[in-house]
Each structure stands twice: as structure tokens, then as C-alpha cells.
Amino acid sequence: MSEYRTEEDTLGPVKIPADALWGPQTERSRNNFPTGQYMPLAIIRALLNIKKAAAQANMETKAISEEKGNLIVKAIDELLALNDEELRKDFPLKVYQTGSGTQTNMNTNEVVAHKAHEINPDIEILPNDDVNKGQSSNDTFPTAMNVVALEALDKLKPAVQHLIDELKAKEEKYMKTVKVGRTHLQDAVPLTFGQELSGYVASLEHDLDYIKTLEPTLNELAIGGTAVGTGLNAAEGMPEKIAEKLSEVYGLSLTADSNKFYGLANHSGLDVVHGALKTLAADMFKLAQDIRFLASGPRAGYGELNIPANEPGSSIMPGKVNPTQAEAVTMAALRVFGNDTVVTMASSQGNFEMNVYKPVLIDAFLESADLMTGTIMGFADKMIHGMTVNEERMEELVDNSLMTVTALSPHIGYHDSAKIAQAADKAGSTLKEAALKSGKLTEEQYDEWMDMLKMTNVDRDK
């Protein structure tokens, strides 16, 4: 039995592996564009669902026979039932191909047509005329882009909320645990660790709100625009039916009531939503950076926090513990920053009626969402959950801080308070020793005014 079969497309004959479900256009692309990562399977599954919805819509509008439409649906259902490893076998194309995603759209059409032939060879199903009926790569691919982006956000949002919940638990636990504050990387007045954590919580709550506020723009689908946005060759009512069916499949509020010229040429929605992912990444970088610095040590750093020992920290230094979850999430944040440039530049390349940077745009978006989802979950479960406070170290640093002198300022004035701090620093003495030596206050007054918890404005009785 031959290892290859020969099929023809409009450019001529093509040799294809005998057991492959794809056809000549896929084979050409496989050979012409061998570089880079594979097209995300989320896109493939979305395109299959779009083809299924299109077949159903075409049957309802009498644009295709029920015999053909039902066979297409059955073939797609069998493909969707495959696990990722099985599905990948017949979807071998790379992200770096034609900028409209045409070859992946045709890969999908060809595989569905061949699968239909396997099921019932007596009914001819053609990739372009039947599976792709009333569609174009130019509207199916951007439709798939929005759908998979929304799917990815639905995985990310619970991860962010989970981290918020873990931080809130620590915030409540340590709301009265006083620590030294720091501004400009220098000592500042005290606050509680719970207050510090509340700032992190608020930043993530805002990030989650930004995503939730912006994501509805992705509900607008390009489907029905076909080649240039005019809807040529699409049956009347087909786009609305596809949007309705996709909404049921994905549990989303998708709509085809959109400007198709915009939908094919612009990806502003993906651009602006990725901006929210970048903002989340920036806040995660800051949060993780702070935690790993506060946990630095254990003897020669800040040493205010104890972090879980998830794995040995060094191949040469026994007993070393590193803030690996913080390192992972900050590295992921850097990738998101880079991806944001990719998404923005790709989004800007809508020349006339078509943006031709679609595959790299959605690949970057999905990578960002996936990286944030995974590393945020790891950070929450493997660092924040097991993190504890070194209260003795926090108290030591507060007691040695010179900036608590700020509490004396309302009583003896800014100028004299500054002199006391400078004198303590110069002499290497405690602030109390310098204050009493100044003669500006008594020991009783010092003890009353230098109430560390009171400085934080946390209610001692709550």
C-alpha cells in the first residue's frame, strides 16, 4: 500500500500522506511554513464549532441539504470528541502561515470533508462548497479568535479571584501585625502587614474589574462578513443563527450584530482586553517582587516573611530556599509585556479590508492568558497559602526604625523631630534614647505618643 495519495487543488496535484485526513491546501501549508509553534488547538476546536453551527444554519435556511448538513455535523462531532493528542494529528499547521489564518480554515474544511467521507462515502462533501459554505477564512478565523479569547478569560478570572481570596485570608490574620513601611526603598512610618496586603488585594480586584468590564467587546463576531465584510455568498439570517448556536455551545452572549468591515480589518477588542492582561501582569510583578524581597534572607535580608520550601533552592548550597513561585509569575509577566507589543502591533496592521496578522495576534493573547492563569494559581497555592510572618523580625525592624519619629512631629514640631532622628542615626542609638537626650519630651510622653499600632490607624479593639 502506498504511503501517499494524490489530490488536486486549483494549483495542481499534491502528494499527501495516505492516512492523513487533510487535503492539498493543508499539505502545501505544512511544507511551505514549517517554522514555529502549532496553531493552538483552542482555535481548531472553535473553528470546528463554527463549521458545525454553519452547517446547521445552512440547513435551516435551505442553503444546504439536510443529508449533507447532518453528515457534516456528525463528522465534526466525532472530531470534537477526540482528545488533544488525537486531534493534533490532523491539524499540523503552524501559527506563522498566511496572516488571515486561511490555511488553518482550509485545514479544518478538508479534515471535516475527509471525516465525512469516512463516515459515508456515498455522499460527497466538498471542503469549499459544503463545509465552508457561506463562509470565508476572513470571517471564520476572527470569529474563532474572539471565542477562544473569551474562553481563556473564563479560566483566568477564577485564578485571579482565588489569589484574592488567599490574600484576604492573610490580610485578616495579620491586620494588627505592625511592620515598618518603606517608600523610595527607605524606611517610612509603620503600617500593618494586613494593610499592606489590602493594597495588593485592591489592585487585583481592580484588575479583575477591568477584564470583566472590557471583555464584552469580544462578544461581537465577524461571522457573516465573508470575504471583505459585504456578506457575499452567505445566506440571509445565517450569521445570526451561527452566533446563537455558538452562544449555546460556549455559554456566552455572542452576537453577529456587528460591523463586518470592522470585524475583518480591526481587532481592537483583543487589543484593549490584552491591555487589561498587561495591567494584571504589571500588578502581579509588583506583588510578587514585594513578597520575595520581604522574604529575603533568612539571615542577611529583610527576613520579615517565611515562604514555603517547595523544592531545594540550590544544587550546591544545602538548605537553600528560593522564592520560585514569585520568579515564575514575574517571568510570565515579562512575556505578557512582550506579547502586549505583539498584540498592539498586529492589531494596527489592518490594511484596507483585512488584518493579516491574525494568527500571531491570537497566539500571543492566548499565551498571555494561559501564563497568567497558571502562574497566578501556583503563586496563590504554593506561596501565599503557606506564607507566614516573622513577627519577631518585624518588631525588631519597627523598633529600630528612625521614621517612627514622625509621630512626635505634631507634639514637638517637624524640625526638632528631624534633629532627634539625625542624632539617633549619627550616634547609633535608639530613637527613644535620642529623644530623651534632646530634652524635648519625657519618657512617659514618648511611650504614649510612640504607640506603633495607633500610628497605623487600625482599631485595636476590632
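S314 is found in the loop between β5 (305–306) and α12 (324–347), with helices (H or I, at least four residues) and strands (E, at least two) taken as DSSP runs numbered from the N terminus. A quick heads-up: this is a predicted model, where local features need pLDDT of at least 70, side-chain atom pairs count only at pLDDT 80 or more, and totals for chains, interfaces and linings use all residues. Residues are numbered from 1 along each chain as its sequence is written, and side-chain values use heavy atoms, leaving out hydrogens and water.

**Annotated sites**
- An unreviewed UniProt entry puts its "active site" annotation on H184 and S314; such annotations may be inferred rather than shown by experiment.
- These residues span 131 residues in sequence and their farthest two C-alpha atoms are 31.3 Å apart, so they don't all gather at one spot.
- H184 sits in the loop between β3 and β4 (186–192) and is exposed at 75% relative accessible area, while S314 is partly exposed at 22% (buried is under 20%, exposed over 50%, partly exposed in between, using a 1.4 Å probe and protein chains only).

**Aromatic rings**
- Y174 and F193 make a tilted pair, 5.9 Å centre to centre with 55° between the planes (ring centres of Phe, Tyr or Trp, its six-membered ring, lie within 6.5 Å; planes under 30 degrees apart are stacked, over 60 edge-to-face, the rest tilted).
- Y174 is in the loop between α7 (137–173) and β3 (178–183) and F193 is in helix α8 (residues 193–214), so the pair ties together parts 19 residues apart in sequence.
- Y174 is buried at 5%, and F193 is buried at 0%.
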